[in-house]
Amino acid sequence: MTSLPGRQVRGFLSLRKGRAPSLQGRRRVLAISVHEAGIIYRVSMLILNKTAGVFSKPSKRKLYEYLRSFNFHPGKVFLHKLVLGIETSCDDTAAAVVDETGNVLGEAIHSQTEVHLKTGGIIPPVAQQLHRENIQRIVREALSLSKVSPSELSAIATTIKPGLALSLGVGLSFSLQLVNQFKKPFIPIHHMEAHALTIRLTNKVEFPFLVLLISGGHCLLALVRGVSDFLLLGKSLDIAPGDMLDKVARRLSLIKHPECSTMSGGKAIEHLAKQGNKLHFDFKPPMQRAKNCDFSFSGLQHVIDKTIMQKEIEEGIEKGQILSSAADIAAAVQHTIACHIAKRTHRAILFCKQRNLLSQSNAVLVVSGGVASNLYIRKALEIITDATQCTLLCPPPRLCTDNGIMVAWNGVERLHAGLGILYDTEGIRYEPKCPLGVDISKEVGEAAIRVPRLKMKI
Ligand code: KG4
Ligand code: ZN
């Protein structure tokens, strides 16, 4: 069992709001074993002690409310609601069980990266087949590690948008089978919402906060005002930064590099960049004149491709062999995209502060997604947050990339907020394309905020 810091006892000791117990609920509380009665006694005493300072005489109703919100099981006790999260939106088959206080009870993941590295990118029918082959095992593993049976779950949460249609379909149909078999509520999850809220599982972060999501499939800046209340400030107009890094790494044939052969493209670029000199190549950051928070990477990728071709001619090597200047190119590419991402983020912070959408002195910037594990890009963002008196927060690397925990946690957040919990799944469909929140990127562009120049000494 993985315990994330500072989460274990919250909720257990905090008073919950709730209706008076139903007759059925009262019967359930009364129909308990001696063993459970002992536990209830201890829990009751704890609650009584805890509430003694608040209520002169704790009412029976309050006590019942408390007890009703706990699940009782012969032989084991779950004091919190439990959510199973299932993720199959791209190339990871992942599942996890998380309780309402953020304890990760069990998780399992099957990554397809190795297969896709060999084929030079994700082939959707291959991804679908691999999800089909692994989903049952992964969900079973997550449940058995958490020692939770499906009947003990409070809800099942599954990513249904956005993502690869064929991949999303596998997760959704498997989840609906479980939901129907065990008669559980279903919580459809927006993949980006899950990435954005992950930080609230690991850190105490209140709404609103700014989020930058950068990965192989996404690139966006959004203001998170609530569990499902997002303002989209900007997004990539073409490809995502991770996609670009993967393409550059492939073009540089880094899979043949002895130090990088098992790494994703982005990781290989970061690794090699440490050995290179970024000043040997001068790539210009994209969209320097557009005073908005949108991103672009495909033009830059085209320029890099042309440079690589030129270098191959100069060095007299064939396409597919590794250039002697590969590390310098990697360093320059990484620096250029770090500057681009930092500049757009800087503008987003200034916009939000100008409109009083973020606190002037206590604003939080959360960075997540696979590319967020890049330490060079993080340092560039740190320069921005230092200059704007913001706090920079990143989930740990394993929670930055796609995983089942973030989906289960998003389910917990929605369960708490009472948002989007379905008791009837008739007509539910996956959505390969789905924007996040209300798009105000045009307004951001119209504000045309000038960003002060900062020295990017990384
Ligand atoms: O979030 P993720 O696991 O999957 C989605 O794309 O949704 O992100 C994977 C992406 C890949 O493009 C990979 O090359 C990139 O994240 N990536 C990195 C690093 N590690 C993974 N990019 C830059 N630096 C890294 N260290
Ligand atoms: Zn993702």
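Tutor: We can go through the ligand site, then the sheet, and then some backbone details. This is a predicted model, in which local features need pLDDT of at least 70, side-chain atom pairs count only at pLDDT 80 or more, and totals for chains, interfaces and linings use all residues. Residues are numbered from 1 along each chain as its sequence is written, chains are lettered from A and ligands numbered from 1 in the order in which they are written, and side-chain values use heavy atoms, with hydrogens and water left out.

Student: OK, which residues come nearest to ligand 1?

Tutor: There are 19 residues around ligand 1, and those that come nearest are Gly216, Asp246, Gly266, Glu270 and Gly370; a residue counts as near if one of its heavy atoms lies within 4 Å.

Student: And which backbone atoms lie close to an oxygen atom of ligand 1?

Tutor: A backbone N or O atom of Gly216 lies 2.8 Å from a ligand 1 oxygen, a polar backbone atom of Gly266 is 2.9 Å from one, and for Gly242 the distance from a backbone N or O atom is 3.2 Å. The protein covers 89% of the 550 Å² of accessible area that ligand 1 has on its own, an area that comes from the Shrake-Rupley method with a 1.4 Å probe.

Student: Which element gives the most to that shell?

Tutor: Helix 10 does, with four residues, and the elements giving two or more are helix 9 (241–251) and helix 10 (265–273). Helices here are DSSP runs of H or I with at least four residues, and strands are E runs of at least two, numbered from the N terminus.

Student: Switching topic, in what order do the strands of the open sheet run?

Tutor: Six strands form it in the order 12-11-8-9-10-13, with mixed pairing, where two strands pair if DSSP finds at least two bridges between them. At the edges are strand 12 (391–393) and strand 13 (438–439), each of which pairs on one side only.

Student: What does strand 13 pair with, and in which sense?

Tutor: Strand 13 pairs with strand 10 (residues 229–235) in the parallel sense, over two bridges, and Leu232 stands opposite Asp439 in strand 13.

Student: Last one: where is Pro208 found, and is its peptide bond from Phe207 cis or trans?

Tutor: Pro208 is in the loop between helix 8 (199–202) and strand 8, and the bond from Phe207 to Pro208 is cis, with omega near -5°.

Conventions
Polar contact = N/O pair within 3.5 Å; in protein donor to acceptor, adjacent residues only side chain to side chain.
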